[in-house]
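Work through the exercises below with the sequence and the model open. Each task is followed by a solution in steps.

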Amino acid sequence: MRLDLILRVGAKLILPFILLFALYVQFHGDYGPGGGFQAGVISAGMVILYAIIFGIRAAKQVAPPRVVEMMVPGGVLIYAGTGAYTMLLGGNFLEYTPLAHDFLHAHEWGIFSVEIGVLVTVCGTMIAMFYAFAERGRS
Amino acid sequence: MILANKAVENAADHAVAAAAANPPGITKLTENAELFVMMVLLTLLAAITLAIIRQRNMFGVVILAGIYSFLMASVMIILDAVDVAMTEASVGAGISTVVLLATLHLTQSIEYPQRRSVLIPFFISVVVGAALVWGTSGLPAFGAKTAPIHGHVAPTFIQYSADHKMPPNIVTAVLADFRGFDTLGEVTVVFTAGIGVLLLLQGGWRVTGNGRRSEDDDEQQGMDSSGGTA
């Protein structure tokens, strides 16, 4: 464990940029490639890299299992909740036009909120799966 | 019209439409270069598949599968499907490799030699493979403008987002807006799969803080389940 100094320092340098890239992919999805799914996997990959290099216990302090398990259904709820909200505003399920007065703004808000839901579920599922596999190896 | 052209370019693998916007000489050169890179990538894919078949060390197989995914992501980039390439690189080469390595940690990493005859499986693979290759002869030519997929709903989506000046990446608009309900289904699939894996691997008991289930928890669980069945 002492000999992997380069790995540790290198990982620490890379980790914030991975997260930044995930956020870029998430919020720039309207203009460039990517979206919630890719951003979720990339940010989950960041936590997994952290867990591989610094140990799973350290990773669990960054992303507690309880929070991760809540993220799995939470994203679906955010997604479906957006649809329910548009229904409350008088539109159809997932019809974004009533969200704002301007057509474009309404659709940008709708896509934004839905993509957050995708990000949360995908990220939570990937991290939870990794934790589950890593836990099996220990006991 | 310019916006519509740009939209078509961004939307997916509309190689033909993109080529129409470029000068013919450059297009020819790009097409040849793409063809060459594509041939190299596909040859490498075939070589890696053969290596995976011959490899008996599971660790090697996992690493080769990761390389396979990266090559596949490169193929997707050449096909202008950048979103798919990103997904393939991050899921196929990243997360699956990690999960497979974690699985190898639990099992042995050397495959036992096959005792049974391989004739019947070999015969079935050859027949199925031949049927698939025969099936490709019925597909429209690669990048053909007249392919059914480009004539169904895609023009409507492109026209609609051009009319309403929606964001340039139509892939996002199609996934999250035009077909938002489909994507809700996909997210539910991811959710269901995640819950299923967690239930199978954690076995219904609550994993405690230090990652080991204690004897008390186990007994509690046994009592709970017996109570449930009675």
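**Exercise 1. State what share of the contacts in chain B with a separation of 6 or more comes from residues 24 or more positions apart, then describe the chain as a whole.**

Step 1. Residues 24 or more positions apart make up 52% of those contacts in chain B, where contact means heavy atoms within 4.5 Å.
Step 2. This is a predicted model, in which local features need pLDDT of at least 70, side-chain atom pairs count only at pLDDT 80 or more, and totals for chains, interfaces and linings use all residues. Residues are numbered from 1 along each chain as its sequence is written, chains are lettered from A and ligands numbered from 1 in the order in which they are written, and side-chain values use heavy atoms, with hydrogens and water left out.
Step 3. Chain B holds eleven helices and zero strands; helices (H or I, at least four residues) and strands (E, at least two) are DSSP runs, numbered from the N terminus.
Step 4. Of its 230 residues, 27% count as buried, a term for under 20% relative accessible area, with exposed for over 50% and partly exposed in between (1.4 Å probe, protein chains only).
Step 5. The accessible surface of chain B is about 15,400 Å², and 69% of this belongs to carbon and sulfur atoms. Such areas come from the Shrake-Rupley method with a 1.4 Å probe; for residues, only the protein chains shown count as cover.

**Exercise 2. Which residues make the nonpolar surface patch of about 750 Å²?**

Step 1. The patch consists of B:Leu119, B:Ile120, B:Phe123, B:Ile124, B:Val127, B:Val128 and B:Leu132. Patch residues have over 30% relative accessible area and no salt bridge; like charges are joined within 9 Å, nonpolar side chains (Val, Leu, Ile, Met, Phe, Trp, Tyr) within 5 Å.
Step 2. One of these residues, B:Ile124, sits in helix 6 (residues 119-136) of chain B.
Step 3. B:Ile124 counts as partly exposed because its relative accessibility is 48%.

**Exercise 3. Is A:Leu94 buried or exposed, and what is its phi?**

Step 1. A:Leu94 is found in the loop between helix 4 (65-88) and helix 5 (103-138) of chain A.
Step 2. Its relative accessibility is 7%, so A:Leu94 counts as buried.
Step 3. The phi of A:Leu94 is near 65 degrees, a positive value in a residue other than glycine. Most residues other than glycine have a negative phi.
Step 4. B:Asp80 also has a positive phi, of about 65 degrees, and is not a glycine. B:Asp80 belongs to the loop between helix 4 (58-78) and helix 5 (82-106) of chain B.

**Exercise 4. How many salt bridges are there between chain B and chain A, and how much area do the chains bury?**

Step 1. The contact takes 47 residues from chain A and 44 residues from chain B.
Step 2. Together the two chains bury about 4,000 Å², 74% of it on carbon and sulfur atoms; buried area is the accessible area (1.4 Å probe) that two parts lose on being put together, summed over both.
Step 3. On the chain B side, B:Met86, B:Ile95 and B:Leu201 lose the most area to chain A, together 14% of what that side buries.
Step 4. The number of salt bridges between the chains is zero, a salt bridge being a side-chain nitrogen of Lys or Arg within 4 Å of a carboxyl oxygen of Asp or Glu.
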